[in-house]
Amino acid sequence: MSFAEDLDYGLFNEYINGFMVSKAMFTACELGVFDLLESEGFLTFDVIAERLGTSSQGMEQLLDICVTLKLLKMEMKREKALYQNTELSTLYLTKTGTKSQYNMLLYMSKTTYSCWNHLTEAIREGKNQYLRTFGIPSDDLFEAIYRSEEELVKFMHGLHEIWSINGRDVITAFDLSPFPLIYDLGGCSGALAKECITIYPECQVTIFEKEEVVQVARKHFPFLEEPRISFHIGDFFRDPIPKADLYILARILHDWADNKCVQLLTNIHQACKPGCGVLVVETLLAEDKRGPLTSQLYSMNMLVQAEGKERTPTEYRKIFTQAGFQDFQFKKTGKIYDAILARK
């Protein structure tokens with residue numbers, strides 16, 4: 001085998017084993033490895049296994065994989081391997097990390113990963129795989145997420161974690177100070193609403209959400225007692241959309257096919273006065289759709305878990321134009337999520 005073939009096979013092998021890497025990280029989070037090490041410092045594999053109630057052999061293998069992935073560090077002392085978190089795991093993988101992604105990783109492991117087991121069927125059929133995965137009809141998009149309060153809370157915390165990293169970038173991509181009255185459609189945990197009132201002190205944000213989401217949000221997210229954040233209970237496809245200066249659609253349009261997106265944007269266009277805006281937050285595909293890889297994978301995930309897809313700026317411009325909006329701008333943030341601002 002030539003040197004070039006060796007390199008090609010090495011890359012090929014990384015692709016083959018990629019799902020194992022993800023699942024190893026998810027499992028270490030779920031078992032509480034990173035939280036234990038954050039609170040107690042360097043520990044041996046047998047002590048970690050005993051504390052977390054696992055087998056010693058399995059835990060040792062998992063810890064060593066995490067070392068190779070640079071999620072843990074290891075040092076030898078008296079011929080024993082002692083494990084500790086790296087800065088990366090402390091930041092992103094512990095529950096108390098300042099940029100923790102713990103809940104989103106659990107959601108990815110329990111919901112997304114399970115659905116991707118049926119990727120072949122999703123591609124063959126062109127529809128999501130909730131029925132095969134959870135026994136939930138495919139026309140009920142969010143019933144898998146809302147299948148229990150525990151799952152809904154996990155998802156809401158996961159969104160909060162995503163916006164703790166990406167929220168400021170998308171909210172400041174455009175100057176939103178001309179829009180004091182904001183409706184966040186499908187705003188869920190209120191994480192973007194919190195960013196808005198922090199960055200723009202004169203604004204007021206109303207989160208337009210379904211009743212079950214509002215009840216859980218009020219129960220588990222105490223910062224929503226902030227007087228400049230309020231709720232409006234409803235379904236934005238079925239119920240009238242109130243007047244506002246700006247409507248935020250963050251990770252909403254990618255859930256739906258083009259016709260549903262046009263329907264929603266048309267309803268907003270009819271509700272708002274001239275000069276009002278719509279801020280869309282999504283991951284944007286390149287115009288030739290050949291990247292970024294994360295956007296491509298997220299688009300495939302919309303096939304597996306929803307009805308929509310990720311889109312190019314031109315595709316978004318088209319559906320905004322069909323809904324009646326004329327002024328269209330987009331900005332790449334350099335992170336996973338980008339911003340689009342359209343005006344009536």
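Buried means under 20% relative accessible area, exposed means over 50%, and partly exposed is anything in between (1.4 Å probe, protein chains only). Keep that handy for the tour.

What you have open is a predicted model, where local features need pLDDT of at least 70, side-chain atom pairs count only at pLDDT 80 or more, and totals for chains, interfaces and linings use all residues. Residues are numbered from 1 along each chain as its sequence is written, and side-chain values use heavy atoms, with hydrogens and water left out.

**Stop 1: the domains.** Colour 3–93 as domain 1 and 169–343 as domain 2; these bounds come from an automatic or database domain assignment. Their centres, taken over C-alpha atoms, sit 37 Å apart.

**Stop 2: helix H1.** Select residues 3–31 for helix H1, where you'll find Ile16. (Helices are DSSP runs of H or I with at least four residues, strands are runs of E with at least two, and both are numbered from the N terminus.) Ile16 is partly exposed because its relative accessibility is 39%.

Now pick Glu30 and Lys110: their side chains meet in a salt bridge, 2.8 Å from N to O. Glu30 is in helix H1 and Lys110 in helix H6 (residues 102–116), so this pair ties together parts 80 residues apart in sequence. A salt bridge here is a side-chain nitrogen of Lys or Arg within 4 Å of a carboxyl oxygen of Asp or Glu. The structure holds 13 of these salt bridges.

**Stop 3: Arg132 and Glu125.** Here's another salt bridge, with the closest N and O atoms 2.7 Å apart. Is Glu125 buried or exposed, or something in between? Glu125 is partly exposed, because its relative accessible area is 37%. Arg132 is partly exposed too, at 42%.

**Stop 4: Asp245 and Lys273.** Select both to see a salt bridge of 3.6 Å, N to O. The pair links distant parts of the chain, 28 residues apart: Asp245 is in the loop between strands S5 (229–233) and S6 (246–250), and Lys273 is in the loop between helix H12 (258–271) and strand S7 (277–282). With a relative accessible area of 15%, Asp245 counts as buried.

**Stop 5: Asp184.** Go to strand S3 (residues 181–185) and click Asp184.

**Last stop.** Select Lys289, Lys309 and Glu315, which are linked in a network of salt bridges.
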